[in-house]
Amino acid sequence: MSSNLNDVIAAHQQGNFGAAESGYRAFLADRPNHSQTLQMFSLLLMQQKRSAEAMAVYRRVIDAEPAVPNHWANFGGMLRGAGQAAVAGDAYRRALALDPAHGAATFNLANLLGAAPPGGAGRPLDAAVWYERILAVTPDQEQARNNLDILRQRNADRFEAAMRREVARDPQSPHAHERLARTLLQSSGFLDWYPGKACVVDFPRALAAFDHLRFALAVQPEPEQGDRVRTWLALALDLLQLGTLDDDRLELAARTAWQRLRVKPKDSLAAALVGYHVYRRGRLTLASRLQTRFTARFTAAEIVADAELGYWSMLRADDAFFARLRPVDSVIARLPDLETLALETLAPETMAPETITDAGDGTTEPAIMVSGDDVYIRRFGPDLLQSIARHSPGASVVLHLVAPTAGTLGLVEEWRRRYPLALAVSRERPDLSGWPPVRRSTYFACVRFIRAFQWHQRLGRPLIVLDLDAVVRSDLRQLASGMTDRDLGLMLDKRRRGPFREILVGFDYYNNTPLAGRFLATVAAYIGHFLLDAEPRWMLDQSAHLATVDWFQRRNPPLRIRWHDFQGFAHCSFVGEK
């Protein structure tokens, strides 16, 4: 390239279009077929919205080098920009005829086909085929994946009808079944869900997608299945955690998971499904042992990085584990002091146990305990306390604060004056510096049950532990009448979504019985083990309750539990997903 052309391009880049045009024309007078100059000149003309002249110039590039696919792909972009969508499609196809793997031509053709007229062809089904070609070669091409998802959302009925026709034409085609499955997942709303997010899902469609993927795997030779197996297993796990995977489908997934583990012994997804299947068969101890053995294959960093490994590392249901648990008093000794605060001044001092009151039918009225860190107390405390005061005026409430600021303590004093409640307050000031967010939030969620044990002992009366994000719908003190012959009142999710989601700890009733006290002491020791001697993970509190219930029920006497159906629990509503 001559220095003269360099100067022309520099003028172009600086926005001096008049000088650049004169320079390009002068250069082309001597070298009429110079490819780079023709391309730059056509770009200049397009920038000036002189599309007809630009395309005439660029046509000289193609005439000089008709076998270069990039030229046709670029020409297609110019034609579409000039409003000639149909001709642009022909140019993209010429590029693909020369290079079937040309990424830009494939992507731009898909975009053109999917767009509505006049800027596109309005053929979303054809566009999907081209997006899928891209993803078959580069599965991590996010732009193609996003465009395809949007296309399916906007044309859900057309896609589903087309995919069903494809399956009807060739019932043995694994590709047709997979395409229909993906279409059903898209229209079901399932792809918008992830753990921790509540959303509306059409479960019959999602289960139909599961079945079509399973059929695709059944009719395709195993070496050719590729990543389809993992997609199917991931779908099985998500459906299970949403409470809609039945035992028969879970067993099918677990069989495939066992086979996959022989080939990929560190596939945590497959191992999790095996564990869930064993748990569903009522063998929690075996599920715990299998997962403990499997987790031993991974480093501590790998366990932290994998959600399922982290969940399972919190579940220990074997007798040997419980036999080795430290006594709860040794756990408490290693925690920050539990400070009680006077109701009038919120200044530290020793608080006397509250007077035990009678509910009127010979049962002891329960106290209600809520706990949280500074952020959660401020966010959810007012609504919860207001709802308790509305339905249970005069109720005894324990508010436990984790590392509260002076401002939060001032708010609590204001709440004490505002709400007609007998409000006791405690706090702790742990040093969590250097802890990652997940460990901090787990501490806030789980330490409340160690503090609940301390308050349960101190008060000598039944204790209800509520999530801060709850809103009370009735007088919880009335539940005491149904607890005269029970040790515990627990919420059960009958959908069997896994050992971390079966007993929901948004509401727990610990009666004033020796067995309830022993149970709560064991739960506190269980939680303390992971908080102090391991890497705690979210859902530790729920795992602790399930494992401890399982352990106690294998002993004599067994716990007397009043189970509340979580889905029909009318006494509280909860903000977060449970």
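# Notebook: rings, helix pairs and backbone

I began with Trp 312, which at 2% relative accessibility counts as buried, where buried means under 20% relative accessible area, exposed over 50% and partly exposed in between, with a 1.4 Å probe and protein chains only. I note that this is a predicted model, in which local features need pLDDT of at least 70 and side-chain atom pairs count only at pLDDT 80 or more, while totals for chains, interfaces and linings use all residues. Residues are numbered from 1 along each chain as its sequence is written, and side-chain values use heavy atoms, with hydrogens and water left out.

**Aromatic rings**

I took rings of Phe, Tyr and Trp (for Trp the six-membered ring) as a pair if their centres lie within 6.5 Å, with planes under 30 degrees apart called stacked, over 60 edge-to-face and the rest tilted. By this rule I find 22 aromatic pairs. One of them joins Trp 312 to Phe 500, edge-to-face, at 5.1 Å centre to centre and with 80° between the planes. Trp 312 belongs to helix α18 (residues 307-313) and Phe 500 to the loop between β7 (488-492) and β8 (503-510), so this pair ties together parts that are 188 residues apart in sequence. For the element names I use DSSP runs numbered from the N terminus, helices being H or I of at least four residues and strands E of at least two.

**Charges over rings**

Here I required NZ of Lys or CZ of Arg to be within 6 Å of the ring centre and within 35 degrees of the ring normal. The charged end of Arg 133 sits over the ring of Trp 130, 4.1 Å from its centre, and Arg 439 lies over the face of Trp 435, with 4.3 Å to the ring centre.

**Two helix pairs**

For α6 (residues 85-98) and α7 (residues 103-114) I read a packing angle of about 155° and axes 9 Å apart, the axes being lines fitted to C-alpha atoms over the stretch in contact, with angles from 0 to 180 degrees between N-to-C directions. These two helices are therefore roughly antiparallel, a label for angles over 145 degrees, whereas under 35 is roughly parallel, 65 to 115 roughly perpendicular and the rest oblique. The crossing of α6 past α7 is left-handed, meaning that the near helix is turned anticlockwise from the far one by less than a right angle, and clockwise would be right-handed. Among the residues of α6 that meet α7 are Ala 88, Gly 89 and Tyr 92, and α7 brings residues including Leu 109 and Leu 112.

I then turned to α24 (residues 514-533) and α25 (residues 540-553), which pack at about 135° with their axes 9 Å apart. α24 and α25 are therefore oblique to each other, and their crossing is right-handed.

Thr 183 is in helix α11 (residues 174-188) and, at 3% relative accessibility, counts as buried. Leaving aside neighbours within four places in sequence, I find Thr 183 in contact with Ala 156, Phe 159, Glu 160 and Met 163.

Trp 258, in helix α14 (residues 247-263), is partly exposed with a relative accessible area of 41%. I looked up its separation from Leu 273, which is 15 residues in sequence and 8.9 Å in space, C-alpha to C-alpha.

**Backbone exceptions**

Most residues other than glycine have a negative phi, and most peptide bonds are trans. I noted two cis bonds and two positive phi values.

- The peptide bond from Pro 117 to Pro 118 is cis, with omega near 5°, and Pro 118 is placed in the loop between α7 and α8 (124-137).
- Asn 556 and Pro 557 are joined by a cis peptide bond with omega about 0°, and Pro 557 falls in the loop between α25 and β9 (561-565).
- Lys 49, in the loop between α3 (35-47) and α4 (51-64), has a positive phi of about 60° and counts as exposed at 75% relative accessibility.
- Met 539, in the loop between α24 and α25, has a positive phi near 80° and counts as buried at 14% relative accessibility.

Key:
Contact means heavy atoms within 4.5 Å.
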